Amino acid sequence: MNRHGHPDFSLNPLHPVHDFHHKGEPNLPDYCNHLVLHHHRLPSHFPVRSFSSQDEALSARLEEGVRSNDNLILLTPKGTRWAFNFVETPQQAPRVVVGKGFEQEGWGDVAVPSAWETQGYGQALYTNFQYPFKVDPPVVPDGMNHVGSYQTQIEVPKAWEGKRIMIRFEGVSSAFYCWIDGHPAGYSQDSRLDAEFDLTDLVRGGGTHTLSLRVYRFCDGSYLEDQDMWWLSGVHRDVVLYSKPAKAHIWDVHAAPEVHIPAGKGGRGDA
């Protein structure tokens, strides 16, 4: 932990400390540092699904959303509720205990996915061209930066032993840390894009593990996301746990179509 109470990912040589300073502040927290977008987040890719067989893949109806199968578990089916704690400033957020997660004494619970403002916590804000906080980029004021902490148990199938295991958050507003059993799994901000973390070294096939999240209402990215909109916070899209073969699997698909405007044709092979 650094002096702001956040996971100190700077010890990892893949994520060196940046030399960015703001008004003499030598160590901005991640959610106020415009040079930090994520820690340990996997590269973005085409939203491929994980299926148990070729027949299952060919018969899948993607418009019906994510469904659990032998290689994929939807952690947020309809009716899901996770333990939840709400505080008004980052300094009040509960601390994570290594090997355990959050202490849940006195916590409530909320539906997931949802915005916590729709669950009775905080207040939804609407702005058009104005910011809802004092403009001082990249800093967002702690006094109105509410924090929601989530916790739940995840069970990893025994059959996943020896496979690569990932977790995907399809939308979290606006920035969040993720822990497994109190061990840092990653940090991400960009509330409308997926965030995936590799949990292979943090979980085991056949094990039950504690998933903990700390979500910030605002981050430096909020300066870019401000637009004629409602400001809502929390885990607002589905969360998925899935596995892939450890040695080789399809990670991304790239297509580069060619368009011939005079002929009104497009795609490779068209004359």
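Predicted model: local features only at pLDDT ≥ 70, side-chain atom pairs only at ≥ 80, totals over all residues.
1. The structure holds one cavity of 30 Å³ or more. The largest cavity contains about 50 Å³ of space.

2. Which residues line the largest cavity? One part of the lining is Phe-169, Gly-171, Val-172, Ser-174 and Phe-176, among others. The lining also includes Ser-188, Gln-189, Asp-190, Ser-191, Leu-193, Asp-194 and Ala-195. By class, five lining residues are nonpolar, five are polar and two are charged.

3. Ser-174 sits in the loop between strand E10 (172-173) and strand E11 (175-180). Asp-190 sits in the loop between strand E12 (183-189) and E13.

4. Strand E13 spans residues 195-198 and contains Glu-196. Is Glu-196 buried or exposed? Its relative accessibility is 5%, so Glu-196 counts as buried, the cut-off being under 20%.

5. What does the Glu-196 side chain pair with? There is a polar contact of 2.8 Å to the side chain of His-45. Another polar contact, of 3.0 Å, goes to the side chain of Tyr-242. Leaving out residues up to four places away in sequence, Glu-196 touches His-40, Arg-41, Leu-42, His-45, Ile-167, Arg-168, Tyr-242 and Trp-251.

6. His-40, one of the residues touched by Glu-196, has a phi near 65 degrees, a positive value in a residue other than glycine. His-40 belongs to the loop between strand E1 (38-39) and helix H1 (54-59). At 27% relative accessibility, His-40 counts as partly exposed.

7. Asp-190 also has a positive phi, about 135 degrees, although it is not a glycine. With 34% relative accessibility, Asp-190 counts as partly exposed.

8. Where are the cis peptide bonds to check? One joins Val-112 and Pro-113, with omega about 5 degrees. Pro-113 lies in the loop between strand E6 (108-111) and strand E7 (125-127). Another joins Ser-173 and Ser-174, with omega about -5 degrees.

Definitions and conventions. Residues numbered from 1 in each chain as written. Heavy atoms only, no water. 1 Å grid on protein atoms, 1.4 Å probe; cavity = no way out; pocket = protein on both sides within 12 Å on 5 of 7 lines; lining within 4 Å. Points joined across faces, edges and corners; volume = space filled by probe spheres on them. Nonpolar A, V, L, I, M, F, W, Y, C, P; charged D, E, K, R; others polar. Helix = DSSP H or I, 4+ residues; strand = E, 2+ residues; numbered from the N terminus. Buried < 20%, exposed > 50% of the residue type's maximum accessible area, 1.4 Å probe, protein only. Polar contact = N/O pair within 3.5 Å; in protein donor to acceptor, adjacent residues only side chain to side chain. Contact = heavy atoms within 4.5 Å.
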